[in-house]
Amino acid sequence: MRQVWILLMVLVGTLATASPATAQGHTVIFHGEVVGEDGQPAGDKMVVVFFNTHEVGRGGTICDAQGCRFEILVNDETGIGEVGQDGLSRVQVGVLTVGAPKTFQAPGGGPPRRPIYAVAALKDDPNNLPPAMQDGRLGLLPDDSVVVIEPTRPPAATGPASQPTVSAIGVGLPWLWVALLALSCCGTLLALMGLGVLVFFLLRRATATS
């Protein structure tokens, strides 16, 4: 009977301490249109998203008969934007003029440092930017000018946060592997059902042995 309780404690401890392998926060899309100082659609422009003056994402404009638009995905931990059915949050930037950043107050935080996003369309064409600005991480100064602050920029976000997965500990009991696999692949509900079956089986086996 003691072995059964030890096994149950190990299993419960594993489920309690297993950490989900998910990206922090969620993915948010900043989208809008880019125009020049004359109000006309501005093609071939780089748009950069900053969080507290540090670059967190960038992208280029895509133009058609309707204008020049952009969509930039960034990893967000503040909860900004409205979450859609696809799991992505969206922030409507609206019409963005080159050289004139727009700012967005992020939820949470407080004085003296409140989280703020800024979206800026650079005046220079991407191919004409210095190599350091093409490869490096950019920063936004109070006068709206952009400078290089790091030699490499952060990786681009690619989509929603991955579904939680659980790391199994190295044990030799096949029932424990089954329970953990159920937690990883089929969700918490199925894992709990498997855990109940496991507990019943072990208690019955211990009773029969006694």
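Start by selecting phenylalanine 30, which is buried with a relative accessible area of 0%. Buried means under 20% relative accessible area, exposed means over 50%, and partly exposed lies in between (1.4 Å probe, protein chains only). The model is predicted, so local features need pLDDT of at least 70 and side-chain atom pairs count only at pLDDT 80 or more, while totals for chains, interfaces and linings use all residues. Residues are numbered from 1 along each chain as its sequence is written, and side-chain values use heavy atoms, with hydrogens and water left out.

**Stop 1: the aromatic cluster**

Rings of Phe, Tyr and Trp (its six-membered ring) pair if their centres lie within 6.5 Å; planes under 30 degrees apart count as stacked, over 60 as edge-to-face and the rest as tilted. By this rule there are three aromatic pairs.

Show the rings of phenylalanine 30 and tyrosine 117. They make a tilted pair, 5.0 Å centre to centre, with 50° between the planes. This pair links distant parts of the chain: phenylalanine 30 sits in strand 1 (residues 26-35), tyrosine 117 in strand 9 (residues 116-121), 87 residues apart. Helices (H or I, at least four residues) and strands (E, at least two) are DSSP runs, numbered from the N terminus.

Now centre on tyrosine 117. Its relative accessibility is 2%, so tyrosine 117 counts as buried. Turn to its contact with phenylalanine 51. The ring centres are 4.7 Å apart and the planes stand at 50°, so this pair is tilted. Here too, distant parts of the chain are linked: phenylalanine 51 is in strand 2 (residues 46-51), tyrosine 117 in strand 9, 66 residues apart. Phenylalanine 51 is partly exposed, at 24% relative accessible area.

**Stop 2**

Switch to cartoon view. Five strands form an open sheet with mixed pairing, in the order 4-5-1-7-6. Its edge strands are strand 4 (62-64) and strand 6 (82-83), each pairing on one side only. Two strands pair if DSSP finds at least two bridges between them. Strands of a sheet pair through backbone hydrogen bonds, either parallel or antiparallel.

Select strand 4 and strand 5 (residues 67-76). Three bridges join these strands, which run antiparallel.

**Stop 3: the disulfide**

Cysteine 63 stands opposite cysteine 68 in strand 5. The two form a disulfide, with their sulfur atoms 2.0 Å apart. A disulfide is a pair of cysteine sulfur atoms within 2.5 Å, and by this rule the count is one.

Which hand does the disulfide of cysteine 63 and cysteine 68 have? The torsion about the S-S bond is about 110°, so the disulfide is right-handed. Now colour by accessibility. Cysteine 63 is partly exposed at 39% relative accessibility, whereas cysteine 68 is buried at 4%.

**Stop 4: salt bridges**

Show the charged side chains. A salt bridge is a side-chain nitrogen of Lys or Arg within 4 Å of a carboxyl oxygen of Asp or Glu. The whole structure holds six salt bridges.

Begin with arginine 69 and aspartate 64. Their closest N and O atoms are 2.8 Å apart, and the two form a salt bridge. Arginine 69 is partly exposed at 35% relative accessibility. Aspartate 64 is also partly exposed, at 39%.

Next, select glutamate 55 and arginine 58. These residues form a salt bridge, the closest N and O atoms being 2.7 Å apart. Both glutamate 55 and arginine 58 are buried.

Then go to aspartate 125 and lysine 45. They form a salt bridge with 3.3 Å between the closest N and O atoms. Aspartate 125 lies in the loop between strand 9 and helix 2 (131-135), and lysine 45 in the loop between strand 1 and strand 2, so the pair ties together parts 80 residues apart in sequence. Aspartate 125 is partly exposed, at 26% relative accessible area. Lysine 45 is buried, at 13%.

**Last stop: a nonpolar patch**

Select Leu141, Val147 and Ile149, which form a nonpolar patch with about 200 Å² of accessible area together. Patches are made of residues with over 30% relative accessible area and no salt bridge: like charges are joined within 9 Å, nonpolar side chains (Val, Leu, Ile, Met, Phe, Trp, Tyr) within 5 Å. Accessible areas come from the Shrake-Rupley method with a 1.4 Å probe; for residues, only the protein chains shown count as cover. Finish on valine 147, in strand 11 (residues 146-150).
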